Amino acid sequence: MADDYILELDDVSKYFGTVIALRGVTLRLKRGEVHCLLGDNGAGKSTLIKTLAGVHAPSSGQYRVEGQPVYFRSPREALDRGIATVYQDLALVPLMSVARNFFAGREPRRKLFGVIPVIDMKYANDTAREKLAEMGIFVRDAGQAVGTMSGGERQCLAIARAIHFGAKVLILDEPTAALGVKQSCNVLKLIHKARERGISVIFITHNVHHAYPVADSFTLLNRGQSMGTFAKADISKEAVLDMMAGGTEIQNLVDELEGRAA
Amino acid sequence: MSAIHQSVSHMIQRQQADERVRKISPWRVLLDRPELGSIAGTVLVFAFFGFFAGDSGMFALDGIINWAKVAGYLGILAVGACLLMIAGEFDLSMGSMIGFAGVAVAIPPMYFGWPLWAAVLFAFAACMALGALNGYLVVRTRLPSFIVTLAFMFILRGLTLVLSTTFANSTIVSGVGDKFTEAPFVQALFSGTTLHGLFVFLAGHGIVDRFPNGQPVVDGIPKVLLWWAAIALVCGFTLARTRFGNWIYTVGGDANAAKNVGVPVRRVKISLFVLTAFCACLFGVLQVAEFGSAASDRGLQKEFEAIIAVVIGGTLLTGGFGSVIGACFGAVIFGVVQIGISYTNIDSDWYRVFLGGMLLIAVLFNHYIRSRASSGK
């Protein structure tokens, strides 16, 4: 039943002039699953997520959301369909408060003296604090600057924001790339929580150790092509590691080094 | 029973919540406000001139009106420049726009027989259109606003000179003052003072000093101060409380992030360039009303003075942080120093040295605040 898939890319290619960024990629995201997208630098991960996010239109092939073909002209349109992308820069402003960041661009409003529209700061502060607390992050007050938060907390803030604004699909671009072990764990927990709420997640990473515990399925990209999609039950962590560009290379390097040492 | 259980679990949760939260002193909270530096600076210059010029009449009512007027004129510019700077851009054409607005008001009634109100409307429309053009060029080309508005600084100053010499055969278009007396509505908006009756009343009760002829030494509150207050209130409120204000901070803090969360970055920037143009035009019109003439060198270097006032007010040159109140205090510092120095025995040539020094201290202070705010120490 095609309807089981919330997002589908069917034989999608994307060209930038003479460069083939994606060639015939097929990706299917089931409802409520965490789908991990693995690939080395230059594999086409960024182009793929930007296509999903509505930044790029596919050069050929079809993009379907909930079974219907879509042609997004801007990220805004994708967002309106519930497809939210959290990029590595997180779209947060460090000098602004948590609440102001949380609601940036979608400020809650009330009428002052019944006429002047102002930001409902009380609602913004309370909601931001509450939503972050649900994700296990406790902020002193929502008026503190985002610059005072750790990298992991910022990542969680960006994800919590996307969920609050009705994301059905979360696309996370290397959310654990710049984080320490403990903070990465928090973000992984958050991904798990999102899944429990029935949100589908596309999780891009280099790190199999981060991908394997939370993912339900894996798609491997290499030089713009999909090397296939695998359910977690069908594949071991070692096999995933091996499949990734780098897995065999690293093994070769290890062999070579050991051989030289011996 | 369950209520107790609930409250205990709530308490545990609260404790968990507070585990990583430390108390911060009210002093630190205050230090995080952008306008702190300028308030401290204001206190400092008041103390300084209170000491050196306390009995010179500088802080008598007429003295206050003197420096408040300087602060008011600059304050109008500073408020506009402040919002634009928070959004991450500059407008160096503000000073030239003042001169341009002056001739745009003066020439049509003097040489084309336009009614004054039409000329004033024309000046505002022309300036704001030029502001929009400034903004459009900046957001379209993505060139630094420094360069684009620098070009307009020269273009407008030159154009003002050309228009003035072409029509008036002089660098000053004079005689507009009479047109103001013939146009009571425009006059009521831009010239002279208000609340004259109140000051007569106060003088009658000996609260305000009187001239020998019985008139109070101060005629009333100059219109420029009312305009300043109105603009500062509207802009300050917009910045702090409204959705558009949040967009200004977001755009200046990180334009790319702003775009990604759906803030119309271009629209925000262009409207703020229109605002600075409006402020410059208002400055120009008020000056024409005050002096009865439009001089083509009017507003020279005002763009820099406005930027200095804004920076002293705690706004970051790189955008994303600042306040309108701070910019207003920056303008007050300017007015007090510029006028106050002539009340002291200090050679008034020191005025610029003093301002440059203030600017340097303010920038260093802001830099410190910002690195603290973004690192969370």
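Q: Before we dig in, what counts as a helix or a strand here?
A: Helices (H or I, at least four residues) and strands (E, at least two) are DSSP runs, numbered from the N terminus. Residues are numbered from 1 along each chain as its sequence is written, while chains are lettered from A and ligands numbered from 1 in the order in which they are written. This is a predicted model, where local features need pLDDT of at least 70, side-chain atom pairs count only at pLDDT 80 or more, and totals for chains, interfaces and linings use all residues.

Q: Thanks! Where is Asp11(A)?
A: Asp11(A) is in strand S1 of chain A, residues 5-16.

Q: What is its phi like?
A: Phi of Asp11(A) is near 55°, a positive value in a residue other than glycine.

Q: And how exposed is Asp11(A)?
A: Asp11(A) counts as partly exposed because it has 13 C-beta neighbours inside 10 Å. The rule is that a residue is buried if 20 or more other C-beta atoms lie within 10 Å of its own, exposed if 12 or fewer, and partly exposed in between, with C-beta atoms placed from the backbone.

Q: Which way does S1(A) run against S2(A)?
A: S1(A) and S2(A), residues 19-30, run antiparallel and are joined by eight bridges. Strands pair if DSSP finds at least two bridges between them. The two form a hairpin with two residues between them, and Gly17(A) in the turn has a positive phi of about 60°.

Q: What about S4(A)?
A: S4(A), residues 60-65, pairs with S1(A) in the antiparallel sense over five bridges. Glu8(A) has Arg64(A) as its bridge partner in S4(A), and Arg28(A) as its bridge partner in S2(A).

Q: Switching topic, how many residues of chain B are in contact with chain A?
A: On the chain B side there are 22 residues, in contact with 24 residues of chain A. Contact is called if the C-beta atoms of two residues, placed from the backbone, lie within 7 Å.

Q: Which elements of chain B give two or more residues to that side?
A: Those are helix H12 (243-253), helix H13 (255-260) and helix H17 (350-375) of chain B. H12(B) gives the most, with five residues.

Q: Last one: where is Asn169(B), and is it buried or exposed?
A: Asn169(B) is found in the loop between helix H7 (145-168) and strand S1 (172-174) of chain B. Asn169(B) is exposed, with 8 other C-beta atoms within 10 Å. Asn169(B) also has a positive phi of about 55° although it is not a glycine.
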